[in-house]
Amino acid sequence: MNQVTSTEKAQQPPASPPHLPSAVFEELEIVRDPSNLFHQTIEQVLIAAEHVGMRHHQKIILAQPKNEIMVHFPVLMDDGHHALFKGYRVQHNNALGPYKGGIRFHPHVSLDDVKSLAVLMTMKCSLVKVPYGGGKGGVKCNPRELSTEELKRVTRRFCAAISNQIGPDYDIPAPDVGTNSQIMAWFADTYQLMMPEHTRQDTHRIVTGKPVEMGGSVGREKATGQGLVDVLKEMLPELGIDVAKCRFSLIGFGNVGGWTGRLLCELGATLAAVLDHTGAIHNDKGIDAEALTTHVAETGGVGGFHDAESISTEEFYGLELDVLVPAALEQMITSKEAALINARVVAEGANAPTTPEGDAVLIQRGIEILPAILCNAGGVTVSYFEWVQNKTSTVWSGEDIDERLNTHMILAARRVKLAAVKYECDMRTASYCAALEQIAKVYDLRGVFP
Ligand code: NAD
């Protein structure tokens, strides 16, 4: 415990009642910053923990990751100089199984954001009942500015730097923003080559989201979008919305946004507008998601798509919709965007896309929020299927995977609805409550060693 001076004591607010999230922050000596994503996430989890009657020591355990790994590694760049990169792997909790979570390549990757995303993985895996804990990783870099060879060297050096801290039954990374199946292929290859030769064949399940030819699962690419569509099919009818006739917009048109767009359009829904890092586009009669995918693959973004008009960000948020799907980065819907949104439902494809202030405005305006740990859990679910196939040397069909995914997603959606009734709370809090019920039960059964 740090020494507290008499001046500090005089400035300290009175101690919080032990059931409030602030009591946990105080005990762990975390100076709460309302704009810090990790603090926001922990606070939301602690509020739900209070609803489910979680024990104090369990709250304390969940309020900090088990391990925070930070590495610096040099990479030879194409022009001959060596650049130093910073990477993270955060292992939040493994009470339910090995740590599991993506690796992000993005210039804004920070330790606190990775910690927050790792917490969300712990919650998500528990909610959707796959036997994993939560982890997350990232490298601070801009993959758009790296050549293919540089990207490969960054991936290989990062893998080497953390290889002693991960393992195919201990901590299993996957793709996230800025990473894809090619990067997972380089990662798996590097890890395998670093292992003793006689164990190599069994170690390609060190990552999921691999190319199908390298042991990846059929259906992993589309899994997060497919899972989101499965959730919408379960939830929208009760809100009086027909999925096949709904009008929706997307923030982000990468893996999650692109697949969600194509799958919803296949069902007959109308894609009214898309916003990404290159701008916002709109077509009142509907955007052809397939043609937009080709355009994004060729140009890198939705800006300049021929069959849509360019609109401002304000106009994008103000469009009248049934569903808005944020599928880009964190914290994009603040109170400002929330005040503009003219949709009946916000279905969170991205992790933590809504700030607590944005959340409050949406709730106050009667807009239903379908939370991220439910909506985007399809990715980790099919990652789990990939891992099981690798472990058992089996290959499942696309139909089998779609069916199993659908079962996981629908049951998770129903768990959230039941928790919302049981604990009389909003859907986000309910999703954490449903996740925490299982984690609390496991900690009750295990106890704390010794
Ligand atoms: P991606 O890299 O494939 O796509 C990211 C998208 O965000 C791109 O379309 C990009 O243009 C857009 N974007 C970036 N900056 C933006 C900005 N300032 N304004 C508007 N758009 C911007 O990433 P992804 O894999 O689709 O992941 C998107 C989100 O979904 C992330 O929060 C990620 O953690 C989450 N997620 C992904 C998966 C998965 O399987 N890929 C699974 C669960 C959750």
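Colleague: What limits apply to the model?

Modeller: The model is predicted, so local features need pLDDT of at least 70 and side-chain atom pairs count only at pLDDT 80 or more, while totals for chains, interfaces and linings use all residues. Residues are numbered from 1 along each chain as its sequence is written, and side-chain values use heavy atoms, with hydrogens and water left out.

Colleague: What span should helix α16 have?

Modeller: Helices are DSSP runs (H or I, at least four residues), numbered from the N terminus. The expected span is 1.5 Å times one less than the number of residues. For the 25 residues of α16 (398–422) that gives 36 Å, and the end C-alpha atoms are 36 Å apart, which agrees. Just after α16, E424 has a positive phi of about 50°.

Colleague: How is the pair of F385 and W396 classed?

Modeller: Rings of Phe, Tyr and Trp (its six-membered ring) pair if their centres lie within 6.5 Å; planes under 30 degrees apart count as stacked, over 60 as edge-to-face and the rest as tilted. The structure holds nine aromatic pairs. F385 and W396 form a tilted one, 5.5 Å centre to centre with 50° between the planes. F385 lies in α15 and W396 in the loop between α15 and α16, so the pair ties together parts eleven residues apart in sequence.

Colleague: Which charged end sits over the ring of W396?

Modeller: The criterion is NZ of Lys or CZ of Arg within 6 Å of the ring centre and within 35 degrees of the ring normal. Over W396 sits the charged end of R404, 3.8 Å from the ring centre.

Key
Helices (H or I, at least four residues) and strands (E, at least two) are DSSP runs, numbered from the N terminus.
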